[in-house]
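Work through the exercises below with the sequence and the 3D structure at hand. Each task is followed by a worked solution.

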Amino acid sequence: MSDPVTPTPGGTGPREFTDERRNDALRRVNRGGAGLAFLWEWTKIFQVSVLLFLVVRTFFVEAFKIPSGSMERTLLVGDFLLVNKLVYGAEVPFLQRRLPALQVPRRGEVLVFEWPEDPSKNFVKRLVGIAGDTLMMRGGVLYLNGQVLSERYVTHTEPDVDPAGEEFRWQRHHLVRAAVATPAGYHPSRNNWGPLVVPRKSFFVLGDNRDNSLDSRYWGFVPDSLVKGRPFVIYYSYSPDSAGTRLAWLTRVRWQRLGERVR
């Protein structure tokens, strides 16, 4: 057994390691360990939160913003939507497979889908035709399988204008054979086209703002594999300021649209 160490008076020898100093050193070590443990717990919580967010966003619900007026009056520029991705079967990343759908898209529903011309862009339109349907438009009035389709959600901002261009010519390959003598004699326009037959595993979509919508009339059908989901609620909305006010998202909130169902 060694003798206790005693400091030399006036010298620089070892200091006595008392119980008080030992307890103080232990408290310091424990405080450092507690800090590391706290940091590790928050790291785990953050990782789990990010994982849950990615799972929910991939398979259940995703947020989208409306950038254009193609769906007015139903959806306005500055609306923020929550989209149900599970209802039509969410896509499993990297596997090119989809989960089982709860239901198939139905006529009249609003869809979010990847634009066939550029899948990196998401579009929001209304489904008006499914596989096997015959569609045509006369004077801006839509006919489904030979019957006028009642569309209370439609608005027209330029009813007297009916542009025609090369972008409509794709329709020649999907015309009902008895509709025109030859495809070369078919001259479609925005408000007058068809009758067209929707091919299998495809949809025909239109914007509710019929005179200001880039939709199936211009670029064709939407493959069912590009459908991402169905918007069901507006969780936030503001009126963009044409003057470019930076805080328009805060000062021009459309309070009456918050929580509104998308129909």
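The model is predicted: local features need pLDDT of at least 70, side-chain atom pairs count only at pLDDT 80 or more, and totals for chains, interfaces and linings use all residues. Numbering starts from 1 along each chain as its sequence is written, and side-chain values rest on heavy atoms, with hydrogens and water left out.

**Exercise 1. Find the mean pLDDT of the protein and the share of residues that reach 70 or more.**

Start with the scale: pLDDT is the predictor's confidence in each residue, from 0 to 100. The mean for the protein is 85, and 82% of its residues reach 70 or more. Next take residues 1–14, where the pLDDT is below 50. Beyond near neighbours in sequence, this stretch has two contacts in the model (contact: heavy atoms within 4.5 Å). Where pLDDT is low, predicted coordinates should not be read in detail.

**Exercise 2. State how many helices and strands the protein has, and what percentage of its residues count as buried.**

The protein has three helices and 14 strands; these are DSSP runs numbered from the N terminus, helices being H or I with at least four residues and strands E with at least two. Of the 263 residues, 35% count as buried (under 20% relative accessible area with a 1.4 Å probe, protein chains only). Among contacts with a separation of 6 or more, 60% join residues 24 or more positions apart.

**Exercise 3. Give the strand order of the open sheet of four strands, then examine β10.**

The order is β9-β8-β7-β10, with antiparallel pairing; two strands pair if DSSP finds at least two bridges between them. The edge strands, each pairing on one side only, are β9 (147–148) and β10. β10 spans residues 193–197, and four of its five residues are buried. Its antiparallel pairing with β7 (residues 134–138) runs over three bridges.

**Exercise 4. Describe the largest pocket by volume and lining.**

A pocket is an open set of points on a 1 Å grid over the protein atoms alone, where a 1.4 Å probe fits, with protein on both sides within 12 Å along at least five of seven lines. The largest holds about 250 Å³, a volume being the space filled by probe spheres set on the points, which are joined across faces, edges and corners. Its lining has 16 residues, each with an atom within 4 Å of a point. Pro-67, Ser-68, Ser-70, Val-124 and Lys-125 lie nearest the centre. β6 gives the most to this lining, with four residues.

Methods
Buried means under 20% relative accessible area, exposed over 50%, partly exposed in between (1.4 Å probe, protein chains only).
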